[in-house]
Amino acid sequence: MTATISKGVGASLRRKEDARFLHGRGRYVGDIRPAGTLEVAFLRSPVAHARLLGVQKPTGLVFTAADLPEIRPIRANSTLPGFRASDQPALAVGKLRHVGEPIAACVAPTRAEAEDLAAACVLDYQALPVIADMLAARAPGAALIHEHWPDNAFLETRRDEDLTDLDAVAAAKVTRRLRTARQHMAPLEGRGVLAEWDPRLEQLVVTTAAQMPHVTKTGLAECLGLDEGQVRVVAPDVGGGFGYKGILLAEELVCAALAIRLGRPVRWLEDRLEQLTANANCREHFYEVTAWADAHGKLLGVEVDATVDAGAYSLYPFSACLEAAQIGSIFPGPYTLPRFRFRTVSACTNKPPILPYRGVARTGVCYAMETTLDALARQLGISAQAIRAANLVPPEAMPYRNLVGKVFDSGDYPEALRRAVAAVDVAAVRARQAAGEAVGFGLSVFCEQGAHGTSVYHGWGIPFVPGFEQAQARFTPDGVLELRVGLHSHGQGLETTLAQVAHEILGVDPARVRLVHGDTALTPYSTGTWGSRAMVMAGGAVAEACRQLGERALAIGAALLQTDRASVRLVAGQVVAGDAAVSLDQVARTWFRSPQNLPANVDRGGLEVTAGYRPDPDTGTHSYAAHAVVAKVCTETGMVTLEQYVIVEDGGVLVNPMIVDGQVLGGVAQGIGTALYEEMPFDSEAQPLAGTLADYLLPGATEVPDIRIEHMETPSPWTRFGQKGLGESGAIGPPGAIVNAINDALAPLGAELLDLPATPARVLAALAKAGRA
Amino acid sequence: MKPAPFTYARPADWPAALALLAEGARPVAGGQSLGPMLNLRLALPERVADLRHLPGYAGVSMQGETVRIGAGTTHAAIEDGVVPGRLGEILAGVARRIAYRPVRNRGTIGGSFAHADPAADWCAVLPALPGHAIALGPEGERRIPLAEFVLGVFETALRGDELLRAIELSALPPATHFGHWKFCRKPGEFSKATACVLATPGAAPTAVLAALDAAPLVIADASALLADPTAEAARLVATLALEDPWRAALARTALRHAAEAAR
Amino acid sequence: MSITLTVNGTPATVAAEPRTHLADLLRGELLLTGTHLGCEHGVCGACTVEVDGAPARSCLIHAGACDGASVRTIEGFGEDAVMVALRESFSAEHALQCGYCTPGMLVVARDIVLRLPDADEARVREELAGNLCRCTGYRGIVRAILGVLASRRGAAS
């Protein structure tokens, strides 16, 4: 049994995938270049809004939309009532709607020559008034981005409840207007596509840096008029996703169409300049929040009016309104909110279309809710801890259904808060403040719904609803266990953790387990890796497939041991009956190579099982965490230094604690970016102003402090091992906790910061507004 | 993100380099500033002349109390102490905070100075030091006082037919005080305000305020700044009438910190 | 133009346009794809290789400047003792996730270990500032390098 403890669920097993990366043997799209490959550079729109009148092409292979009529526009329509549909053309048709929109594909033997072609194109366009801001998009008389719409909104959602009576009874009422910046997810590897046409199979093979290869396959088939059997999508090693690669790309469609037309492999590798300028596409929210509380800090009601800058198009598959639709349902957070009114707007602007980034709308929501709570606490003269303790869902209420129907599975939220506060010497912070130092303590508490299934996504109206996640488990003739899953691992370590799950069930050494993923030809259909779902969904599916495979192995093993099924069990990779044992290797060898020894009644499915899994109920797991921060503010320069960062996290049963910590830490680093550094500024013409990583600042080793993580492990009652999804959680809490710490430091000076990121310039502006700088 | 086409030349001696320059070639040393501009197609030279293999381009020599630093000497070499004495210590401290080590391994003091990016460290420090930039043109060497070398954003006193060959500096006595402060939100970020103050025994202290999106402000006699850093920093920055209050605050802070460190 | 250089100890002559940078030369012509491109403007550090014995950005060295150079890529460290220790330590400390920044990180890490044997945590972080990782939050990377530094100091004393 020692083996189970050291390698199964709960073991910090070192990653099986490390060796190849440590030797430079990872294989990413850009590393693959078949003979005869042609490279593509895109001519992209230099303006945010214009009528496209024509393109003068230089000599060479240059393709506009008119040259590739076989590509149908991308349609990602929400089923929510009132959603306004818009087509996204793979190459611009008629109008240009954001800077960076692809207009023409320039094709040459090398990327440099393809860029030469793009530089030689002459664009003819007529500029139109630009909608550069989501609030301006809604103003009366605003220019229309999609002219068949009555205004610039993809969707508006509401929950009406009259809260005006709270003014009379509340001890405190605050209203805050808050903004989060437009960001770029900035995985280190950009997007990349290699498309090839296989004339023998009449099949399109698209190798692409994708988080959800099967969904990409469906989208490619839809937009190219192929049947899905004619499309194979391969996602090799992928250098980080974070949501950026969970999309059907216009560039994928164009490369595919070109590969079919030209009969040559066609490749496009996104570079950082086009990534930043054409695709800064997440996180930009505006909130107006009003909250009422009684004298103890107990929330009486919250009203929120939220606008999301959804950009110019509705992206496939998540659509332009996933974030806004989420805001309404997740704003109450981990709290027992009694009354709630909201309106959300998915505003259409002349900016790149948005995609859900790690944490999706939760990061903005958590920021808005947590800073509002602190504003209430300051007004009431109570502590940040006290106001949260007064409102958190208590453990005895679990599972808890909140007023908008979210169901929290398990956990002790107040205990996470207590432990986070206890980990920081708050008294020392107060003493330093009393001595005049601009230092502050900040908290945020949140929960992350993960692995939410069919009912939830159907409710959000997105056109791709996940169902049962499937996994295949099979033995090879030499007894190696092969697992096949349709989602993709791009840093999450699934090659290791799913092997741990298999080990837990079958006792096979993880070294003898191979994970096949990232190839639609080899794996069962899956909606892919997103929504903190992989470990719950694929973990559950692999466990079930292995359980069924084990049953078949036990039947064969019992026959080989000349006993009955009831007398055998699986121990450490062997079928055991009393003192006698037969290894799974021998079982596999028997099925494949010595079938004469099989029992007469053997399951003819053999040693290969496909099983589906979905938690029941499928409302998702809720991991949760409390983040506690001590931050120092330089009132002279506005610079913020994170002195201490503590996280108390509950992700249920941890399959691999080392990997969990890695996910949390990586998420926090991104959250620190959201809080303090990352911002794509646009000018009034919606021109992006940061084209390099010297302008768009990503946190480095000096910006991320040594973070302390404490775990609670409250099992989810609804998942296979009690595990919960938490891949995104680290990115949710930091902006709220950090800005609360900044505002705690600034409070004695009468200043308050409202907008993200909390750059030195914004800190000084806040001080100046308070008359203190 | 690939450069537009250009041709490459590697002059073996200085006359060849000057001849290439006369033909319009763009000189390049370590390429750590020009490289990104080439890749981004912000620089579109038809021809690039690689100066790194010119005789005497890199390296440090002493002539009495004068230290001659070849323009092609890398930031990393300076960081690692190739320049002797107190001057070397001061330069090493500045060099260590330029960009990142892999960039410093290629980037050169002369290349950076001649490129004259307003945020560049050498443009903020060398003008405070006693010495000259040694330009080489068709007529031979010309000595340009360091304080007069940078004229504006990407603009220097080098003529179109001249190359920067070396930096000559006076050795500094051990008791020299030096303060250097720059504001970057993270290491390697382009500075938003840099200042340095040099206080040499027996000479008037000098100071530079740079990273202003303009030519550096060179203060030939910084005695007042050393005497009252806060007030004088405020007065100096006020004379610049900077539009952005944050940048003005950073400039004041930079001057004050540099002065305090040099006292 | 024709470029002759030494890569991982082996002489190589390749034809390249002068505008081709070393990273593309290594990846495209010599099929050494362990060197990754992350930004092509010198900030992210993914393309860092050893040039003439010191770490350098391979995206900022164009073909002509490579002529005569000696280059070592992630594929060329073999059983180098420091690299072996770093690989082990990176895995133990979970210092990598997607693997994309890892080759550049390792080249710089090795330089830190050899050049700054007394580096503390703050110095290691400062030295890593030119290598971005979007996955790990750096803690594992910092700990891995500190671990190798500590074990070498232990072995030396």
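Domain bounds come from an automatic or database domain assignment. The model is predicted: local features need pLDDT of at least 70, side-chain atom pairs count only at pLDDT 80 or more, and totals for chains, interfaces and linings use all residues. Residues are numbered from 1 along each chain as its sequence is written, chains are lettered from A and ligands numbered from 1 in the order in which they are written, and side-chain values use heavy atoms, with hydrogens and water left out.

**View 1. Domains of chain A and chain B.** Chain A is assigned domain 1 (2-26 + 468-613), domain 2 (32-128 + 191-238 + 245-278) and domain 3 (285-456 + 617-769). Taken over C-alpha atoms, the centres of domain 2 of chain A and domain 3 of chain A are separated by 36 Å. Chain B is assigned domain 1 (7-49), domain 2 (62-170) and domain 3 (177-262). Between domain 1 of chain B and domain 3 of chain B, the C-alpha centres lie 33 Å apart.

**View 2. Where domain 2 of chain A meets domain 3 of chain A.** Contact (heavy atoms within 4.5 Å) joins 32 residues of domain 2 of chain A to 26 residues of domain 3 of chain A. The size of an interface is often given as the accessible area lost when the parts come together. Buried area here is the accessible area (1.4 Å probe) that two parts lose on being put together, summed over both. The two domains bury about 2,300 Å² between them, with 67% of it on carbon and sulfur atoms. A salt bridge requires a side-chain nitrogen of Lys or Arg within 4 Å of a carboxyl oxygen of Asp or Glu. On the side of domain 2 of chain A that touches domain 3 of chain A, the elements giving two or more residues are β4 (74-75), β5 (87-88), α6 (213-224) and α8 (272-278) of chain A. Helices (H or I, at least four residues) and strands (E, at least two) are DSSP runs, numbered from the N terminus. On that side α8(A) gives the most, with five residues.

**View 3. Chain C against chain A.** Here 44 residues of chain C are in contact with 51 residues of chain A. The area buried between chain C and chain A is about 3,900 Å², and carbon and sulfur atoms give 55% of it. H94(C), R134(C) and R139(C) supply 22% of the area that chain C buries against chain A, more than any other three residues. Six salt bridges are counted between chain C and chain A. R134(C) and E678(A) meet in a salt bridge through their side chains (2.8 Å, N to O). Polar contact links 24 residue pairs between chain C and chain A (both at pLDDT 80 or more). α3 (81-92), α4 (102-115), α5 (121-127) and α6 (139-156) of chain C are the elements that give two or more residues to the side of chain C that touches chain A. α3(C) gives the most to that side, with five residues.

**View 4. A salt-bridge network.** The structure holds 100 salt bridges over all chains. One network links R44(A), R111(A), E115(A), D116(A), E251(A), D271(A), E274(A), R41(B), E17(C) and R19(C).

**View 5. E147(A) and K95(A).** Their side chains meet in a salt bridge (3.1 Å, N to O). The pair links distant parts of the chain, 52 residues apart: E147(A) is in the loop between α4 (134-137) and β9 (153-159) of chain A, and K95(A) is in strand β6 (residues 95-96) of chain A. Buried means under 20% relative accessible area, exposed over 50%, partly exposed in between (1.4 Å probe, protein chains only). E147(A) counts as partly exposed at 45% relative accessibility, whereas K95(A) counts as buried at 3%.

**View 6. R101(B) and E79(B).** A salt bridge joins these side chains (2.7 Å, N to O). R101(B) is in helix α5 (residues 101-104) of chain B and E79(B) in helix α3 (residues 75-79) of chain B, 22 residues apart. R101(B) is buried, with a relative accessible area of 8%. E79(B) is buried as well, at 12%.

Conventions
A polar contact is a pair of N or O atoms within 3.5 Å; within protein, one must be able to donate a hydrogen and the other to accept it, and residues adjacent in sequence count only if both atoms are side-chain atoms.
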